[in-house]
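I opened a new notebook page to record what I looked up in this structure. The entries follow the order in which I went through it.

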Amino acid sequence: MSTKYIFLGLIWTCSFVSAQVSIDRATVNMDQFTIRESPKLITNDKVLLTGEKLLYKIFSMSDPVRKKVVSAIGYVSLRNESDSIVFQHRLKLKDGKSVGAYFIPGTLKTGKYHLIAYTNFSLNNTKAPYAKSPIYLINPFKKTPLIMDKEEKGITEVKTSIERDTISVKRKYDEVAGLETDKKVYKPREKVKLIFKNMNKVNKSSVLSVRKVAPINVYSEEEINEPFNNEQTNFFVPEIRGEIISGYIQTSRPDKSIKDKVISLTISGDNTIFKLAKTNSKGHFFFVVPEDYTKANSIFQVHEEDRDDYSLEVNTVVFRQKKEDKKTPVILDATIKNWLEKRSIQLQIENAYYDTKKTIAEKKKETTPFFELQGKNYVLSEYNHFPTMKEVFVEIIENVGIRKRKEGEKFVMITTGTDKDRSLFSKMDPLILIDGVLIQNAKELVDYDPKKVESIRIVNESYRYGPKIYSGIIAVSTKKGDFKPILNGEYIKEVELQGITPYKKIYTPDYTDKKLDRIPDYRVQLFWDPEFILDSESKTVNFYTSDVPGKYEIKLSGYTNDGVYINSTNYFIVE
């Protein structure tokens, strides 16, 4: 007998787990968790218009003494002052860092928002559980509420700033790195040569941003971030190896146990993910998903003969910060009218040419099925067509039979090996998958239309996957990869999972290409590299200016391993 062993490890047995997984601190030995994570954020700007992109980078800083990053997953969300989530990104952290972007839609109102960044584990750090950065959004197409008394406290006012629009060029080095340009004044669409010097003090992974200085200032009361009220009762489980997905099962029958029940998870997509887990004594289950996947539908099932006696729920709770009792209205001063009108027209033109300036998303890592390329694969187009799956398995597929039983039809594997092996595994069911979805009722496969099937892979030997042992594997792949199971019963649930948010690099033109001569360029974000590598004491970066004149800021920023913010800036003019 040749049995394959694949074990799915779980980190902790928890009493309750959600998207932000928390358990009772009394059940955790806190002495083993001497590391504390503290998130940091860097954004491309704090004042943005609808139609622009909010760009950011998250840093998950750990204890500077041990210098060890724990979390593999980070979360960034934009929220209004009522803590309603505009967007939430789930990010894969590499060495405690990740980047993201969000196109600000015209549906959002002018107002004050907050960009929140955290990890599941950082929520245990009551002094600095998350990073919080104010973002002021302006929607020029939606009226802002009229505030009669501008002297009222708690008002945020946006006014024209003569100083910010001045032609004078100022520099700020902070004794970190010298930023020099080959010229001080450039023409539209001219190449800028940026030279870095004396960079030995800068963190090796920094953010390099070149953006137009908007001729406005925001006048607002200083924010005071209150500590997160964890009350020391919850421990938030770190997502060390990947995303943790959890839920629980229940039963109304007193004679049925909710312990040690097998739960299956299928995450559909280009690279289907299939996993198994067992419930704990309280009926809770946990999946650790290190694989990359984007927003996708998932199928959860109780994988037992008596599955109809159970109901299944998936936890979808997200972290909530304390709601602010007092709102901060944002009013737009009449002095910004001309600038706002001009900029909104530029944005409309720029976005109209989006298709010609598309960027390419970072490629996901491809995953292979857990059984890889074992067994024999039958591509049905290479055989004569048969109208039913019964005939396909009789005429084409070897070592698999369909038998009638009292409970209905069943697939059986004609297992290789000794007589003892065949006797041991003859009563076991094979693992049946269609597009990675577990099939527990053989009738679903028997009744499926063969015209929709691309291939059938047969692993004709006993196979152990997680807590289950199967007599073999029948893996069906459809032509469109869009199989939908029958969702009859409380034991099976379809849930949309967010997955890892993909990141697209911002568009940067190369004006040596004459095809761009007739395409308008109203970019104010000329350059953005959130993973700028400082691998030598001097370095040169090139980029092009746009058709928008004004003062531009070059900013190199980041955090040291001790969590200290460092930055260096310089300016140039486009006229």
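**Tyrosine 75 and its surroundings**

I began with polar contacts, and found that the side chain of tyrosine 75 makes one with the side chain of glutamate 239, at 2.9 Å. I note here that I am working with a predicted model, and I read the distances below with that in mind.

I then looked up where tyrosine 75 belongs, and its place is in strand S6. Is tyrosine 75 buried or exposed? I count tyrosine 75 as buried because its relative accessibility is 0%, and the cut-off for that class is under 20%.

**Aromatic pairs**

Next I turned to the rings, keeping in mind that a pair of aromatic rings is described by the distance of the centres and the angle of the planes. The structure holds 17 aromatic pairs. One of them joins tyrosine 75 and tyrosine 118, and I recorded it as stacked, with 5.4 Å from centre to centre and 15 degrees between the planes. This pair links distant parts of the chain, since tyrosine 75 lies in strand S6 (residues 73–79) and tyrosine 118 in strand S9 (residues 111–118), 43 residues apart. Both tyrosine 75 and tyrosine 118 are buried.

Which residues do ring pairs link into a cluster? I listed Tyr186, Phe527, Phe543, Tyr552 and Phe572.

**Charges over rings**

I also searched for charged ends placed over rings, and noted that the charged end of lysine 539 sits over the ring of phenylalanine 532, at 4.8 Å from the ring centre. In a further entry, the charged end of lysine 551 sits over the ring of tyrosine 571, 4.7 Å from the centre of that ring.

**Strand S5 and its partners**

Last, I followed strand S5 (residues 53–61), which I found to be mostly covered, with 8 of its 9 residues buried. How many bridges join strand S3 to S5? I found 6 between S3 (residues 38–43) and S5, and the two strands run antiparallel; among the partners, lysine 40 is bridged to phenylalanine 59 in S5. S5 is also joined to strand S8 (residues 97–103), by 7 bridges and again in an antiparallel arrangement, and here tyrosine 56 stands opposite glycine 100 in S8.

Notes:
Residues are numbered from 1 along each chain as its sequence is written. This is a predicted model: local features need pLDDT of at least 70, side-chain atom pairs count only at pLDDT 80 or more; totals for chains, interfaces and linings use all residues. Side-chain values use heavy atoms; hydrogens and water are left out. Rings of Phe, Tyr and Trp (its six-membered ring) pair if their centres lie within 6.5 Å; planes under 30 degrees apart count as stacked, over 60 as edge-to-face and the rest as tilted. Helices (H or I, at least four residues) and strands (E, at least two) are DSSP runs, numbered from the N terminus. Buried means under 20% relative accessible area, exposed over 50%, partly exposed in between (1.4 Å probe, protein chains only). A charge sits over a ring if NZ of Lys or CZ of Arg is within 6 Å of the ring centre and within 35 degrees of the ring normal. Two strands pair if DSSP finds at least two bridges between them. A polar contact is a pair of N or O atoms within 3.5 Å; within protein, one must be able to donate a hydrogen and the other to accept it, and residues adjacent in sequence count only if both atoms are side-chain atoms.
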